[in-house]
Amino acid sequence: MPADDPAAAETPSPYPDALPLSPRVERLLLGPDPATAVRLSAIAGALFVATFVVHLPPRLVGGLSFPFGLLLPLLVGVAFVAAAVGAYRNDGLFVCLALAGGPSFGFYLPLGLFDLTYPSATMLTALAIGATLSVVVGTAGFAVGAGGRRLVERVA
């Protein structure tokens, strides 16, 4: 941002090491609170690891394996609720996409890595489906969570 831009001087970025974006765009993508964005990103990573581990083949993790099978609505529900809660807490679109992507990629990556479906899914297919689900469900969760936050603030 140029030093002579008065709008930039009025509202400094809460993300000092971030790319040079306008504060409004940074707030939309990452949320107003950097510490909350980092915590929510860590939760997204934990959701990925947990979903990945429980979806591994039983020969690798024994009784810990819980293949979703026909319970795909559970996967979508977990991704949606995580994104909606993340948006309610911090309003960051990228963070919501990461929160939805944790369970989505944690579910679809083992399908591609271990040939758990017939016909077997390739890694590219698994990544494409996981990314599509993350974007669709994460954006919907962002809209619901951010809208709910604004509604609560307006009523209160």
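Helices here are DSSP runs of H or I with at least four residues, numbered from the N terminus. With that convention, the elements of this predicted model run α-α-α-α-α-α-α from the N terminus on.

**The whole chain**

The secondary structure comes to seven helices and zero strands. Of the 156 residues, 35% count as buried. Among contacts with a separation of 6 or more, 67% join residues 24 or more positions apart.

**Colour by confidence**

Next, colour the model by pLDDT. The mean for the protein is 84, and 83% of the residues reach 70 or more. Select residues 6–10, helix α1, which has the lowest mean pLDDT among the elements, 52. Where pLDDT is low, the predicted coordinates should not be read in detail. Then select residues 123–155, helix α7, whose mean of 94 is the highest among the elements.

**R149 in helix α7**

Remain on helix α7 and select R149, which is found there. Is R149 buried or exposed? Its relative accessibility is 18%, so R149 counts as buried, the cut-off for that class being under 20%. A distance drawn from R149 to V85, C-alpha to C-alpha, reads 9.6 Å, although 64 residues separate the two in sequence.

**A nonpolar patch at the surface**

Now select F66, L71, L74 and V78. These four residues form a nonpolar patch on the surface, and together they have about 330 Å² of accessible area. To place F66, display α4 (58–61) and α5 (72–90): F66 lies in the loop between them. Because its relative accessibility is 40%, F66 counts as partly exposed, a class that lies between the 20% and 50% limits.

**An aromatic pair**

Finally, turn to the aromatic side chains. How many aromatic pairs are there? The count comes to two. One of them is formed by F107 and Y108, so select these residues and display their rings; the arrangement is edge-to-face, with 4.7 Å centre to centre and 90° between the planes, where over 60 degrees is the cut-off for edge-to-face. Both F107 and Y108 are buried.

Terms used. Residues are numbered from 1 along each chain as its sequence is written. This is a predicted model: local features need pLDDT of at least 70, side-chain atom pairs count only at pLDDT 80 or more; totals for chains, interfaces and linings use all residues. Side-chain values use heavy atoms; hydrogens and water are left out. Patches are made of residues with over 30% relative accessible area and no salt bridge: like charges are joined within 9 Å, nonpolar side chains (Val, Leu, Ile, Met, Phe, Trp, Tyr) within 5 Å. Accessible areas come from the Shrake-Rupley method with a 1.4 Å probe; for residues, only the protein chains shown count as cover. A salt bridge is a side-chain nitrogen of Lys or Arg within 4 Å of a carboxyl oxygen of Asp or Glu. Helices (H or I, at least four residues) and strands (E, at least two) are DSSP runs, numbered from the N terminus. Buried means under 20% relative accessible area, exposed over 50%, partly exposed in between (1.4 Å probe, protein chains only). pLDDT is the predictor's confidence in each residue, from 0 to 100. Rings of Phe, Tyr and Trp (its six-membered ring) pair if their centres lie within 6.5 Å; planes under 30 degrees apart count as stacked, over 60 as edge-to-face and the rest as tilted. Contact means heavy atoms within 4.5 Å.
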